[in-house]
Amino acid sequence: MNKNNLSVLLKKPPVVCLAAMFCCALWGSAFPFIKIGYELFKISASDTASQILFAGIRFTFAGMLVIIFGSLLSRRILFPKRENLIQVVSLSLFQTVLQYLFFYIGLAYTSGTKASVLNSTGVFFAVLFSGLIFKQEKFNFQKAAGCVIGFAGTVIVNLSGNSLDVNVSFLGEGFIVLSAMSYAVSSVLIKRYSKSENAVTLSGYQFIIGGVSMIVFSLVLGGSLNLISAKGVVLLFYMAFLSAAAYTLWGILLKYNDVSHVAVFGFMTPVFGCIFSALFLKESINQSVLQIISALILVCLGIIIVNVKRGSGIND
């Protein structure tokens, strides 16, 4: 398939929808597997340094997987152009280093529910940054409304008793929002940088640079991992795979579509996270079936609203 045919294919709404949902399903599965990983590697909930070390190893492996498979498919060793090295480093800073450092530190000072909801604001920021700051697309009321409706679905799927409150702190909720903003910046940078550099190359090397940076940072803080078991190796490989597959495919989608049309699917990630947590952690779902269905309807409605072109149906 030549590049023109690939470009046309990756702009088709059904393809974008299926690919983006696949990415969100992978990211959603990360929630329970991260918890399982902490148990296998004996990482306590308060040991932020070791959590960052775990993430750093995962992302370094993810980058290696991307480069290995990308090189095999291309029949050449992938390496960024010399003039694009600064782009890889800057993308790594926002997509991996800052996003996850802010997230892991913030998670230590707030609840998982609030972190999940606030992390979803990254979709808002991605749409805002793309339209108002980087001028990559037009920002309008339709996109804002779709994001608000999708965000409402994220809030509903996370509601359980008094899981959400008005107590906030800069190190907790503040850092989670900074993590979401870092994700948003990385989304618009991928869109910009993929014009002059292969999206797979960008994804692989930014993971390696970011992962190694996080490993060094965590070791300075005193992070450590216990003896790796066979289950631990398998889990770490899956975590690396899901990051490699999801971020690479997401980056390719961003290359050929408006940021808003892809980013809005991110509201599905916490929905998948809720479902997979119940399946793999054997957790009882505190949310009612009606609650989950309502969340799905709102998220899907938000996605449709953002992707519908005025007077012409779904974005084509």
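Which residues form one aromatic cluster? In this predicted model, where residues are numbered from 1 along each chain, local features need pLDDT of at least 70, side-chain atom pairs count only at pLDDT 80 or more, and totals for chains, interfaces and linings use all residues. Side-chain values use heavy atoms, with hydrogens and water left out. The cluster is formed by Trp27, Phe59, Tyr100, Phe103, Tyr104, Phe207, Tyr247 and Trp250.

The structure holds 20 aromatic pairs, a pair being two rings of Phe, Tyr or Trp (its six-membered ring) whose centres lie within 6.5 Å, counted as stacked with planes under 30 degrees apart, edge-to-face over 60 and tilted for the rest. One of them joins phenylalanine 33 and phenylalanine 280, a tilted pair at 5.0 Å centre to centre with 45° between the planes. Because phenylalanine 33 lies in helix H2 (residues 13-40) and phenylalanine 280 in helix H12 (residues 268-280), this pair ties together parts that are 247 residues apart in sequence; helices here are DSSP runs (H or I, at least four residues), numbered from the N terminus. Phenylalanine 33 is buried, with a relative accessible area of 17%, whereas phenylalanine 280 is partly exposed at 41% (buried means under 20%, exposed over 50%, partly exposed in between, with a 1.4 Å probe and protein chains only). Phenylalanine 280 also forms a tilted pair with phenylalanine 276, at 5.9 Å centre to centre and 35° between the planes, and both of these residues lie in H12, 4 residues apart, about one turn of the helix.

Conventions
Helices (H or I, at least four residues) and strands (E, at least two) are DSSP runs, numbered from the N terminus.
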